[in-house]
Amino acid sequence: MAKTPETEHPVKAFGWAARDTSGTFSPFNFSRRATGERDVQFKVLYCGICHSDLHMSKNEWGITQYPIVPGHEIVGVVTEVGSKVEKYKIGDKVGVGCLVGSCGQCDQCSIDLENYCPKQIWSFNSTYHDGTILYGGFSDIMVADESFIIRWPENLPQNVGAPLLCAGITMYSPLRYFGLDKPGLNVGIVGLGGLGHVGVKFAKAFGAKVTIISTSSSKKKEAIEHLGADEFLVSSDPEQMQAAASTLDGIIDTVSAVHPLGPLLSLLKPHSKLIIVGNPGKPLEVPIFPILSGRKAVVGSAIGGQKEVQEMIDFAAKHNVFPDVEMIPLDYVNTAMERLLKSDVKYRFVIDVAKSLQSK
């Protein structure tokens with residue numbers, strides 16, 4: 001007799017799951033594996049909602065395994081540790097981001113880039129080493145190998161900081177890797193949503209000058225007065241775009257919808273890079289002439305390895321890089337997904353998991 005999600009492991013767990021392509025969430029009883037010798041189990045306090053959670057819940061990328069419990073911006077407090085765990089103890093504040101496993105042996109793992117390991121294991125909707133399906137942070141407890149646990153700084157609020165585990169590292173990593181972390185550089189950020197607003201804050205913390213590129217002029221006041229951006233360009237305004245031609249040292253493009261890249265390439269100085277971190281549902285067209293004529297590059301970046309995630313969290317705590325969040329209860333998740341689809345959030349939803357489940 002096949003085991004159900006509720007019976008395949010010994011530790012009872014509860015969360016909210018989507019069960020089909022409608023992406024509608026409802027209460028879900030399942031189970032977690034027993035805490036292994038190198039595992040850390042923790043009570044989930046808060047979990048951010050990422051746009052990829054929305055894509056996955058509706059199977060828009062064609063890889064969803066139902067029922068699915070999303071959530072990969074997960075923070076909480078340690079409740080149990082395995083016998084060989086060295087870094088953590090009961091009561092520690094911790095987090096888990098996008099990954100909970102990798103092969104540990106390939107070239108990428110050997111240089112702390114588990115995020116590019118061909119056998120990476122995601123926090124949910126992935127198959128773990130034991131052959132079972134993983135469930136994410138829209139739930140009461142989490143368990144992960146200590147190598148994929150992030151130590152949480154005391155001065156970084158867990159509720160506000162949760163989105164850093166995906167949105168934060170998605171912006172921090174390319175800023176660092178592509179050398180856009182130097183004072184005085186002019187960095188462009190396309191899109192002012194969950195990713196973009198955190199990118200502004202990190203770039204400013206590095207001392208860069210930040211230009212927001214958006215389709216909506218209505219976001220200008222927010223971008224400059226609240227987030228601290230230096231310039232704001234409306235991408236559909238030819239005069240503004242022409243005036244800013246060849247002024248940016250690099251651009252990070254966060255947009256997850258199909259959009260033209262030519263106007264963005266025109267903003268770059270020669271020898272600079274357009275860095276794609278958004279994931280549109282359809283391929284983007286890449287105009288070749290501006291790449292050739294300016295020796296420009298279109299490149300990509302995806303999250304970061306565990307060492308860099310820890311570095312990013314510590315940097316955020318030191319420099320007060322806090323995402324702007326809206327706290328919600330777990331049973332609001334369906335409404336939150338509808339609002340996320342319409343970009344109706346400033347700028348990241350965070351589920352107050354523990355408070356939501358107090359009466360359960």
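Analyst: Two strands are taken to pair if DSSP finds at least two bridges between them, and the strands themselves are DSSP runs (E, at least two residues), numbered from the N terminus like the helices (H or I, at least four residues). The model is a predicted one, in which local features need pLDDT of at least 70 and side-chain atom pairs count only at pLDDT 80 or more, while totals for chains, interfaces and linings use all residues. Residues are numbered from 1 along each chain as its sequence is written, and side-chain values use heavy atoms, with hydrogens and water left out.

User: In what order do the 6 strands of the open sheet lie?

Analyst: The order is β12-β11-β10-β13-β14-β15, and the pairing is parallel. At the edges stand β12 (231-234) and β15 (297-300), each of which pairs on one side only. Neighbouring strands in this sheet are turned against each other by 20° on average, with direction ignored; axes here are lines fitted to C-alpha atoms, for helices over the stretch in contact, and angles run from 0 to 180 degrees between N-to-C directions.

User: Over how many bridges do β10 and β11 pair, and which residue of β11 stands opposite Val190?

Analyst: Strand β10 (residues 186-190) and strand β11 (residues 209-214) pair in the parallel sense over 5 bridges, and the residue opposite Val190 is Ile213. As a general idea, side chains in a regular strand alternate between the two faces of the sheet.

User: Is Ile213 buried or exposed, and with which residues is Ile213 in contact?

Analyst: Burial is read from relative accessible area (buried under 20%, exposed over 50%, partly exposed in between, with a 1.4 Å probe and protein chains only). Ile213 has a value of 1% and therefore counts as buried. Contact means heavy atoms within 4.5 Å, and, with neighbours within four places in sequence left aside, the contacts of Ile213 include Val190, Leu233, Leu248, Ile251 and Leu267. Leu233 is 20 residues from Ile213 in sequence, yet their C-alpha atoms are 4.8 Å apart in space.

User: Which strands do helices α4 and α5 lie across?

Analyst: Helix α4 (residues 167-177) lies across β10, β13 (248-253) and β14 (268-276), and runs at about 155° to β13. Helix α5 (residues 194-205) lies across β10 and β11, at about 165° to β11.

User: How many salt bridges does a search of the whole structure find?

Analyst: The general idea is that side chains of opposite charge can pair when their charged atoms come close. The criterion is a side-chain nitrogen of Lys or Arg within 4 Å of a carboxyl oxygen of Asp or Glu, and the search finds 16 salt bridges. One of them joins Arg348 to Glu73, with the closest N and O atoms 2.6 Å apart. This pair links distant parts of the chain, since Arg348 lies in strand β17 (residues 348-352) and Glu73 in the loop between α1 and β4, 275 residues apart. Both Arg348 and Glu73 are buried.

User: Which strands does β5 join by bridges, and which salt bridge does Arg151 form?

Analyst: Strand β5 (residues 93-96) is joined to β4 (residues 74-81) by 4 bridges, running antiparallel, and Lys93 in β5 is the bridge partner of Val77. Strand β5 also runs antiparallel to β9 (residues 150-151), with 2 bridges, where Val94 stands opposite Arg151. The side chain of Arg151 meets that of Asp92 in a salt bridge at 3.5 Å, N to O. Arg151 lies in β9 and Asp92 in the loop between β4 and β5, so the pair ties together parts 59 residues apart in sequence. Arg151 counts as partly exposed at 35% relative accessibility, whereas Asp92 is buried at 10%.

User: How far apart are N and O in the salt bridge of Lys93 and Glu154?

Analyst: The N to O distance is 3.6 Å. The two residues are 61 residues apart, with Lys93 in strand β5 and Glu154 in the loop between β9 and α3 (158-161). Lys93 is partly exposed at 31%, and Glu154 is exposed at 64%. Elsewhere, salt bridges that share partners join Arg176, Asp181, Lys182 and Glu311 into one network.
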